[in-house]
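Here are some notes to read with the model open beside you.

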Amino acid sequence: MSTNVIKARVEGMTCDKCVAHVTHALESVPGVVSAQVSLEGASADIVANDSVTAQQLADTVKSAGYVLTV
């Protein structure tokens with residue numbers, strides 16, 4: 001199965017703990033290989049296999065208290 005890099009915007013982060021929380025949430029999604037989250041850029045670069053959908057990622061981040069837009 002191939003992987004893609006999904007670039008997303010993350011809203012609601014204010015500190016490094018937020019970054020860790022969003023990173024952990026994203027990496028808990030089955031099929032996500034890694035997530036690099038930036039507080040300064042309010043963004044995330046997510047490496048995931050083809051089975052992962054933008055909606056899955058957005059729902060997971062929403063349940064963690066943030067907003068993710070792909």
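1. The largest nonpolar core has 23 residues, and those with the most contacts inside it are M13, V22, L26, I46, L57, Y66 and L68. A nonpolar core here is a set of buried Ala, Val, Leu, Ile, Met, Phe, Trp, Tyr and Cys residues joined through side-chain atoms within 4.5 Å. Buried means under 20% relative accessible area, exposed over 50%, and partly exposed in between, with a 1.4 Å probe and protein chains only. Strand 1, helix 1, strand 2, strand 3 and helix 2 are the elements that give two or more residues to this core. Its largest share, five residues, comes from helix 1. As background, nonpolar side chains tend to be buried together in soluble globular proteins.

2. A word on what you are looking at: this is a predicted model, in which local features need pLDDT of at least 70 and side-chain atom pairs count only at pLDDT 80 or more, while totals for chains, interfaces and linings use all residues. Residues are numbered from 1 along each chain as its sequence is written, and side-chain values use heavy atoms, with hydrogens and water left out.

3. Do have a look at L26. Leaving aside its neighbours within four places in sequence, L26 is in contact (heavy atoms within 4.5 Å) with V32, A35, V37, A44, I46, L57, V61 and L68.

4. Now for the overall plan. The protein has two helices and four strands, and from the N terminus on its elements run β-α-β-β-α-β. Helices (H or I, at least four residues) and strands (E, at least two) are DSSP runs, numbered from the N terminus.

5. The four strands form an open sheet in the order 2-3-1-4, with antiparallel pairing. At the edges are strand 2 and strand 4 (67-69), each pairing on one side only. Two strands pair if DSSP finds at least two bridges between them.

6. Strand 3 (residues 43-49) pairs in the antiparallel sense with strand 1 (residues 3-11) over seven bridges, and I6 stands opposite I46 in strand 3. Strand 2 (residues 32-38) also pairs with strand 3 in the antiparallel sense, over six bridges; here V37 stands opposite A44. Strand 2 and strand 3 form a hairpin with four residues between them, and A42 in the turn has a positive phi of about 50°.

7. Which of its residues are buried? They are L57, A58 and V61. Seen down the axis of helix 2, these buried residues fall within an arc of 95°, so they line one face of the helix; the arc is that of the directions from the helix axis to the C-beta atoms. The face turned away from the buried side carries the exposed residues Q55, K62 and S63. What covers the buried residues of helix 2 includes strand 1, helix 1, strand 2, strand 3 and strand 4. Helix 2 is followed by G65, whose phi is positive, near 100°.

8. Finally, some whole-chain values. Of the 70 residues of the protein, 37% count as buried. Residues 24 or more positions apart account for 61% of the contacts with a separation of 6 or more. The C-alpha atoms fill a box of roughly 35 × 20 × 15 Å, taken along the principal axes.
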